[in-house]
Amino acid sequence: MDARRNPFAPGAGTPPPELAGRGALLERNAVALDRIRMGRSARPSILYGLRGVGKTVLLSTMRDAAESEGMTIVAIEAPENRSLPGILVPALRAALLRLDRLKQASAGVKRALQALAGFAKLKVKYDDLEVALDFEPEPGLADSGDLEADLADLIVAVGEAAKERKSAVILVIDELQYVPEEQLAALISALHRANQKQLPVTMLAAGLPQLLGQMGRAKSDAERLFEFVAVGPLDDEAAREAIRLPIEREEESIDDDALDEIIAQTKGYPYFLQEWGKHGWDVADASPITAQDIAVATKGALAELDASFFRVRFDRLTPGEKRYLRAMASLGPGPHRSGDVADAMGVKVSSVAPTRNSLIAKGMLYSPAHGDTAFTVPLFDTYMRRVMPETPL
């Protein structure tokens, strides 16, 4: 098999050759954004799920579709240890300047830029907020120093500018779970205000499973503004299409037994499907790709995952955090009761609670129910058993 024609491309946020099983979601979101641009009520998507399920790819696909329809995109990734104002203001400034295509600041865009200038005064509180301002603030507009009130003024001004331009402004935020809840509450409140005024400004976002609870705690009315979509592994049919169709487009084929083996190994997780597809193609001497080829490919795929996808997360952990995760892994995929993990470590729950909290903050774990703990990375339990064969005490 010619490696130059290998259609599979595993990578963080890399679009797969076949975006299988997600068509209905993409269409539903496109309709919602069109309605919002028209000033009508709709709920755009907030995606949540484990690592490797394709949230970033879906978010990028939604963003590109909206941009192709003439909507103005404010695309940001919420990094750890950065404030929402710090990442939002520079991106909003760039978006407003794009919205003003003639570079002659219409009344709506000018006022939005003035609101942005007033909002930037929050740098007294958020010292990571840096932006070159082109307009003098309008006194009393988004400059009170109260984040919730000022962000609402800013988002409304942005929505009014978009309406004037017969467009829509879409905030596209990945890794939303890293935004502190106080700031997340302010953002939801601001978007709610714009929604009440039927202004064409909204948000698409993605994050880990804990995002659902975070948004609910931040603002109880969040579920009325957004459609919360759990993104999980592909079902059997979609997983097969994700592998088979790209191969057939290259005028090659794969046996059903080989597909069965790939699905058994990957559990239908999109990122892993790409890894097994890539390695299956590379090890096959000729078409069709067989189950024997996939058995060989599994060794290469696991080695690649261990060296990159899993390793990059493992290397961020302290020794105590590694011991906690290894104890969890000894119990299986999970979720697990926190008490059971502590028992596996031979300690009291209270003594390892700070470690669990730290792992949740780092995005390694989440709590699907009170007292339960689960990995945010699929198959991480098997990786921990490979990298730490013995359970440390």
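Reply: Rings of Phe, Tyr and Trp (its six-membered ring) pair if their centres lie within 6.5 Å, and planes under 30 degrees apart count as stacked, over 60 as edge-to-face and the rest as tilted. The model is predicted, so local features need pLDDT of at least 70 and side-chain atom pairs count only at pLDDT 80 or more, while totals for chains, interfaces and linings use all residues. Residues are numbered from 1 along each chain as its sequence is written, and side-chain values use heavy atoms, with hydrogens and water left out.

One aromatic cluster is formed by Tyr269, Tyr271, Phe272, Phe309, Phe310, Phe314, Phe375, Phe380 and Tyr383. Both Phe272 and Phe310 are buried, as is Tyr383, where buried means under 20% relative accessible area with a 1.4 Å probe, protein chains only.

A search of the whole structure finds 12 aromatic pairs. Among them, Phe272 and Phe310 form a tilted pair, with 6.1 Å from centre to centre and 50° between the planes. Phe310 also pairs with Tyr383, and this pair is stacked, at 5.0 Å centre to centre with 25° between the planes. Because Phe310 lies in the loop between α12 and α13 and Tyr383 in helix α17 (residues 380-387), the pair ties together parts that are 73 residues apart in sequence; helices here are DSSP runs (H or I, at least four residues), numbered from the N terminus.

Another member, Phe380, touches Phe310, Leu325, Met364 and Phe375, not counting residues up to four places away in sequence, where contact means heavy atoms within 4.5 Å.

Terms used: Buried < 20%, exposed > 50% of the residue type's maximum accessible area, 1.4 Å probe, protein only. Helix = DSSP H or I, 4+ residues; strand = E, 2+ residues; numbered from the N terminus.
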